[in-house]
Amino acid sequence: MRILFLGDVVGRPGRQAVAEELPRLRARWKLDCVVINGENAAGGFGITEAICDELLGAGADAITLGNHSFDQREALVFIERQDKLLRPANYPAGTPGRGATLVETPDGARVLVVSVMGRIFMDALDDPFAAVERALSDCPLGAAADAIVVDMHAEATSEKQAMGVFCDGRASLVVGTHTHVPTGDHRIMPGGTAYMSDAGMCGDYDSVLGMAKDEPLRRFLQKTPGARLETASGPGALSGVAVETDPRTGLAVRVAAVRIGPHLDETRPAFWD
Ligand SMILES: [Fe+2]
Ligand SMILES: [Fe+2]
(Lines give C-alpha, C1' and ligand atoms only; values in the text may rest on other atoms or scores of the structure.)
(Ligands and ions follow the chains in the order given, each with its own letter.)
Protein backbone atom coordinates (compact mmCIF):
# COMPACT_ATOMS: atom_id res chain seq x y z
CA MET A 1 0.00 0.00 0.00
CA ARG A 2 1.22 3.50 -0.80
CA ILE A 3 0.79 6.13 1.91
CA LEU A 4 1.68 9.84 1.79
CA PHE A 5 1.76 11.94 4.95
CA LEU A 6 2.05 15.74 4.69
CA GLY A 7 3.05 17.93 7.65
CA ASP A 8 1.28 20.96 9.10
CA VAL A 9 -0.44 22.98 6.37
CA VAL A 10 0.19 26.65 7.22
CA GLY A 11 -2.30 29.16 5.82
CA ARG A 12 -2.95 29.95 2.18
CA PRO A 13 0.54 29.10 0.84
CA GLY A 14 0.24 25.62 2.35
CA ARG A 15 -3.30 25.11 1.13
CA GLN A 16 -2.41 26.28 -2.38
CA ALA A 17 0.56 23.91 -2.56
CA VAL A 18 -1.70 21.03 -1.49
CA ALA A 19 -4.43 22.02 -3.97
CA GLU A 20 -1.97 22.33 -6.85
CA GLU A 21 0.25 19.30 -6.19
CA LEU A 22 -1.73 16.66 -4.34
CA PRO A 23 -4.25 15.63 -7.02
CA ARG A 24 -1.35 15.17 -9.46
CA LEU A 25 0.77 13.25 -6.93
CA ARG A 26 -2.13 11.07 -5.91
CA ALA A 27 -2.57 9.92 -9.52
CA ARG A 28 1.12 9.79 -10.50
CA TRP A 29 2.23 7.84 -7.42
CA LYS A 30 -0.99 5.72 -7.32
CA LEU A 31 -1.46 6.65 -3.67
CA ASP A 32 -3.83 4.51 -1.60
CA CYS A 33 -4.02 6.81 1.39
CA VAL A 34 -3.10 10.44 2.14
CA VAL A 35 -3.02 11.94 5.63
CA ILE A 36 -2.44 15.66 6.22
CA ASN A 37 -1.90 17.63 9.41
CA GLY A 38 -4.23 20.63 9.18
CA GLU A 39 -3.76 22.34 12.56
CA ASN A 40 -2.47 25.62 11.02
CA ALA A 41 -4.50 25.63 7.81
CA ALA A 42 -6.66 28.65 8.70
CA GLY A 43 -4.25 31.61 8.71
CA GLY A 44 -1.84 29.62 10.88
CA PHE A 45 -4.40 28.97 13.59
CA GLY A 46 -6.70 25.95 13.48
CA ILE A 47 -9.04 24.83 10.73
CA THR A 48 -12.48 25.85 9.45
CA GLU A 49 -15.01 23.44 8.00
CA ALA A 50 -14.60 24.99 4.52
CA ILE A 51 -10.83 24.35 4.69
CA CYS A 52 -11.38 20.85 6.04
CA ASP A 53 -13.59 20.11 3.02
CA GLU A 54 -11.00 21.74 0.71
CA LEU A 55 -8.19 19.46 1.97
CA LEU A 56 -10.39 16.36 1.75
CA GLY A 57 -11.42 17.44 -1.75
CA ALA A 58 -7.77 17.82 -2.82
CA GLY A 59 -7.14 14.17 -1.96
CA ALA A 60 -6.67 13.81 1.81
CA ASP A 61 -8.31 10.76 3.37
CA ALA A 62 -7.83 11.99 6.92
CA ILE A 63 -6.72 15.23 8.59
CA THR A 64 -4.90 15.30 11.91
CA LEU A 65 -4.60 18.26 14.28
CA GLY A 66 -2.56 19.29 17.33
CA ASN A 67 -2.26 22.09 19.87
CA HIS A 68 -4.08 24.46 17.47
CA SER A 69 -7.06 22.08 16.98
CA PHE A 70 -9.69 24.46 18.30
CA ASP A 71 -8.19 27.89 17.52
CA GLN A 72 -11.15 28.33 15.15
CA ARG A 73 -14.02 27.89 17.57
CA GLU A 74 -16.34 26.48 14.88
CA ALA A 75 -14.16 23.35 14.99
CA LEU A 76 -15.68 22.52 18.39
CA VAL A 77 -18.96 21.96 16.55
CA PHE A 78 -18.14 20.72 13.06
CA ILE A 79 -15.50 18.20 14.21
CA GLU A 80 -18.39 16.06 15.45
CA ARG A 81 -19.74 15.62 11.92
CA GLN A 82 -16.36 15.42 10.12
CA ASP A 83 -15.36 11.85 10.89
CA LYS A 84 -12.07 12.13 8.95
CA LEU A 85 -10.89 15.08 11.06
CA LEU A 86 -8.94 14.02 14.16
CA ARG A 87 -7.85 15.96 17.21
CA PRO A 88 -5.25 14.38 19.54
CA ALA A 89 -6.58 11.20 21.16
CA ASN A 90 -5.15 12.18 24.56
CA TYR A 91 -7.28 15.31 25.02
CA PRO A 92 -9.33 15.05 28.22
CA ALA A 93 -12.48 12.93 28.16
CA GLY A 94 -15.42 14.97 26.91
CA THR A 95 -13.42 16.97 24.33
CA PRO A 96 -15.41 17.16 21.07
CA GLY A 97 -14.32 14.94 18.19
CA ARG A 98 -12.21 11.80 18.05
CA GLY A 99 -8.55 10.88 18.04
CA ALA A 100 -8.60 7.93 15.65
CA THR A 101 -10.52 6.86 12.57
CA LEU A 102 -10.55 3.97 10.13
CA VAL A 103 -10.19 5.10 6.51
CA GLU A 104 -11.17 2.83 3.63
CA THR A 105 -8.98 3.04 0.52
CA PRO A 106 -10.44 2.80 -3.01
CA ASP A 107 -9.34 -0.89 -3.03
CA GLY A 108 -11.18 -1.59 0.21
CA ALA A 109 -8.12 -1.70 2.50
CA ARG A 110 -8.52 -0.27 6.01
CA VAL A 111 -6.09 2.34 7.32
CA LEU A 112 -6.23 3.33 10.99
CA VAL A 113 -5.13 6.95 11.49
CA VAL A 114 -4.30 8.12 15.01
CA SER A 115 -3.63 11.70 16.16
CA VAL A 116 -1.82 12.15 19.47
CA MET A 117 0.08 14.96 21.18
CA GLY A 118 3.24 14.98 23.29
CA ARG A 119 3.51 16.59 26.73
CA ILE A 120 7.09 17.88 26.84
CA PHE A 121 7.14 21.69 26.37
CA MET A 122 3.42 21.42 25.50
CA ASP A 123 0.07 21.53 27.31
CA ALA A 124 -0.36 18.88 30.00
CA LEU A 125 -2.66 16.33 28.39
CA ASP A 126 -3.40 12.70 29.22
CA ASP A 127 -0.66 10.12 28.65
CA PRO A 128 -0.09 9.88 24.86
CA PHE A 129 1.39 6.38 25.16
CA ALA A 130 -1.70 5.05 26.93
CA ALA A 131 -3.91 6.68 24.28
CA VAL A 132 -1.94 5.07 21.44
CA GLU A 133 -1.94 1.73 23.25
CA ARG A 134 -5.75 1.85 23.40
CA ALA A 135 -6.02 2.75 19.70
CA LEU A 136 -3.61 -0.02 18.63
CA SER A 137 -5.21 -2.70 20.79
CA ASP A 138 -8.73 -1.72 19.66
CA CYS A 139 -7.68 -2.04 16.01
CA PRO A 140 -4.53 -4.17 15.65
CA LEU A 141 -2.37 -4.10 12.53
CA GLY A 142 -2.87 -7.16 10.35
CA ALA A 143 -6.19 -8.01 12.03
CA ALA A 144 -8.52 -5.00 12.06
CA ALA A 145 -6.32 -2.62 10.04
CA ASP A 146 -4.24 -3.16 6.89
CA ALA A 147 -2.07 -0.13 7.72
CA ILE A 148 -1.73 2.21 10.69
CA VAL A 149 -0.49 5.83 10.65
CA VAL A 150 0.29 7.60 13.95
CA ASP A 151 0.81 11.40 13.93
CA MET A 152 2.82 12.25 17.08
CA HIS A 153 2.35 16.01 17.40
CA ALA A 154 5.15 17.04 19.73
CA GLU A 155 8.00 19.44 20.37
CA ALA A 156 10.62 17.09 21.83
CA THR A 157 12.35 14.64 19.49
CA SER A 158 13.02 12.34 22.48
CA GLU A 159 9.29 11.94 23.08
CA LYS A 160 8.67 11.40 19.37
CA GLN A 161 11.39 8.77 19.06
CA ALA A 162 10.08 7.03 22.17
CA MET A 163 6.64 6.88 20.53
CA GLY A 164 8.26 5.37 17.44
CA VAL A 165 9.94 2.68 19.53
CA PHE A 166 6.68 2.10 21.45
CA CYS A 167 4.83 1.40 18.18
CA ASP A 168 7.61 -0.46 16.35
CA GLY A 169 6.15 -3.58 14.76
CA ARG A 170 2.59 -2.44 15.50
CA ALA A 171 2.14 0.51 13.10
CA SER A 172 3.07 1.21 9.48
CA LEU A 173 4.26 4.77 10.16
CA VAL A 174 4.93 6.93 13.19
CA VAL A 175 5.58 10.51 12.07
CA GLY A 176 6.12 13.64 14.11
CA THR A 177 4.53 17.01 13.39
CA HIS A 178 4.42 20.44 15.10
CA THR A 179 7.95 21.84 14.66
CA HIS A 180 7.30 22.82 11.00
CA VAL A 181 10.85 21.72 10.12
CA PRO A 182 11.48 18.45 8.24
CA THR A 183 14.00 16.08 9.78
CA GLY A 184 16.38 13.79 7.88
CA ASP A 185 15.96 10.70 10.07
CA HIS A 186 13.24 8.88 8.12
CA ARG A 187 13.94 5.15 8.30
CA ILE A 188 12.37 1.76 8.94
CA MET A 189 12.88 0.63 12.54
CA PRO A 190 13.87 -2.97 13.41
CA GLY A 191 10.26 -4.09 13.95
CA GLY A 192 9.16 -2.76 10.54
CA THR A 193 7.55 0.58 11.42
CA ALA A 194 8.57 3.58 9.32
CA TYR A 195 9.59 6.60 11.38
CA MET A 196 10.37 10.30 10.86
CA SER A 197 10.79 12.77 13.74
CA ASP A 198 9.09 15.61 11.87
CA ALA A 199 7.31 15.80 8.55
CA GLY A 200 7.97 19.55 8.22
CA MET A 201 5.28 22.00 7.14
CA CYS A 202 3.40 22.64 3.94
CA GLY A 203 3.80 26.38 3.61
CA ASP A 204 6.09 29.28 2.77
CA TYR A 205 9.57 28.44 4.12
CA ASP A 206 10.75 32.03 3.59
CA SER A 207 9.27 32.75 7.02
CA VAL A 208 9.50 31.87 10.69
CA LEU A 209 7.57 28.57 10.93
CA GLY A 210 5.26 29.70 8.13
CA MET A 211 4.48 33.14 9.55
CA ALA A 212 5.62 36.46 8.02
CA LYS A 213 9.12 37.11 9.35
CA ASP A 214 8.92 40.62 10.85
CA GLU A 215 6.65 40.05 13.82
CA PRO A 216 8.30 36.82 15.12
CA LEU A 217 11.71 38.52 14.86
CA ARG A 218 10.41 41.64 16.60
CA ARG A 219 9.07 39.49 19.46
CA PHE A 220 12.57 38.07 19.99
CA LEU A 221 14.22 41.49 19.83
CA GLN A 222 11.75 43.42 21.98
CA LYS A 223 9.47 42.11 24.68
CA THR A 224 6.67 44.57 23.94
CA PRO A 225 3.15 44.00 22.62
CA GLY A 226 3.15 44.08 18.86
CA ALA A 227 1.16 43.18 15.81
CA ARG A 228 -0.70 39.95 15.10
CA LEU A 229 1.14 37.03 13.57
CA GLU A 230 0.23 36.75 9.88
CA THR A 231 0.85 33.85 7.56
CA ALA A 232 3.75 34.44 5.15
CA SER A 233 2.49 35.20 1.67
CA GLY A 234 5.05 33.65 -0.70
CA PRO A 235 4.59 30.39 -2.59
CA GLY A 236 4.35 27.26 -0.45
CA ALA A 237 6.23 23.98 -0.53
CA LEU A 238 4.97 20.52 0.36
CA SER A 239 6.84 18.53 3.00
CA GLY A 240 6.18 15.05 4.33
CA VAL A 241 6.99 11.39 4.07
CA ALA A 242 6.12 8.57 1.68
CA VAL A 243 5.73 4.99 2.86
CA GLU A 244 5.09 1.76 1.04
CA THR A 245 3.79 -1.12 3.13
CA ASP A 246 3.71 -4.89 2.66
CA PRO A 247 0.01 -5.65 2.10
CA ARG A 248 0.30 -8.93 4.04
CA THR A 249 1.79 -7.48 7.23
CA GLY A 250 1.00 -3.77 7.04
CA LEU A 251 4.61 -3.01 7.95
CA ALA A 252 6.80 -0.62 5.97
CA VAL A 253 9.07 -1.82 3.17
CA ARG A 254 10.12 1.60 1.83
CA VAL A 255 10.24 5.11 3.20
CA ALA A 256 11.34 8.40 1.68
CA ALA A 257 11.12 12.09 2.47
CA VAL A 258 8.96 14.28 0.21
CA ARG A 259 9.87 17.95 -0.31
CA ILE A 260 8.42 19.73 -3.33
CA GLY A 261 8.45 23.46 -3.95
CA PRO A 262 10.44 26.60 -3.28
CA HIS A 263 13.22 27.10 -0.70
CA LEU A 264 13.75 23.42 0.15
CA ASP A 265 16.10 20.86 -1.33
CA GLU A 266 13.59 18.97 -3.46
CA THR A 267 13.25 15.23 -2.93
CA ARG A 268 10.72 12.66 -4.10
CA PRO A 269 10.41 8.91 -3.51
CA ALA A 270 12.57 7.38 -6.27
CA PHE A 271 10.71 4.08 -5.91
CA TRP A 272 7.47 5.70 -7.15
CA ASP A 273 8.64 8.51 -9.40
FE1 LIG B 1 1.81 23.31 13.47
FE1 LIG C 1 1.47 22.35 16.74
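Start by selecting residues 11-28, helix α1, and residues 49-58, helix α2: the two pack at an angle of about 25°, their axes 9 Å apart. (Helices are DSSP runs of H or I, at least four residues, numbered from the N terminus; axes are lines fitted to C-alpha atoms over the stretch in contact, with angles running from 0 to 180 degrees between N-to-C directions.) That angle makes α1 roughly parallel to α2, a label for angles under 35 degrees. Before going on, note that this is a predicted model, where local features need pLDDT of at least 70 and side-chain atom pairs pLDDT 80 or more, while totals for chains, interfaces and linings use all residues. Residues are numbered from 1 along each chain as its sequence is written, and side-chain values use heavy atoms, without hydrogens and water.

Now show side chains. On α1, pick Arg15, Val18, Ala19, Leu22 and Pro23; on α2, pick Ile51, Glu54, Leu55 and Ala58. These make the contact, meaning heavy atoms within 4.5 Å. Colour them by class and you get 7 nonpolar, no polar and 2 charged (Ala, Val, Leu, Ile, Met, Phe, Trp, Tyr, Cys and Pro count as nonpolar, Asp, Glu, Lys and Arg as charged, the others, Gly among them, as polar).

Next stop: residues 128-138, helix α4, and residues 157-167, helix α5, which pack at about 30° with axes 11 Å apart. So α4 is roughly parallel to α5 as well. Pro128, Phe129, Val132, Glu133 and Leu136 of α4 meet Glu159, Ala162, Met163, Phe166 and Cys167 of α5. By class, this contact has 8 nonpolar, no polar and 2 charged residues.

Last, go to the largest pocket, about 290 Å³ in volume. (A pocket is an open set of points on a 1 Å grid where a 1.4 Å probe fits, with protein on both sides within 12 Å along at least five of seven lines; lining residues have an atom within 4 Å of a point. The volume is the space filled by probe spheres set on the points.) Select His68, Val208, Leu209, Met211 and Leu229, the closest to its centre of the 15 lining residues. The whole lining has 7 nonpolar, 6 polar and 2 charged residues.

Methods: Chains lettered and ligands numbered in written order. Parallel < 35°, antiparallel > 145°, perpendicular 65-115°, else oblique.
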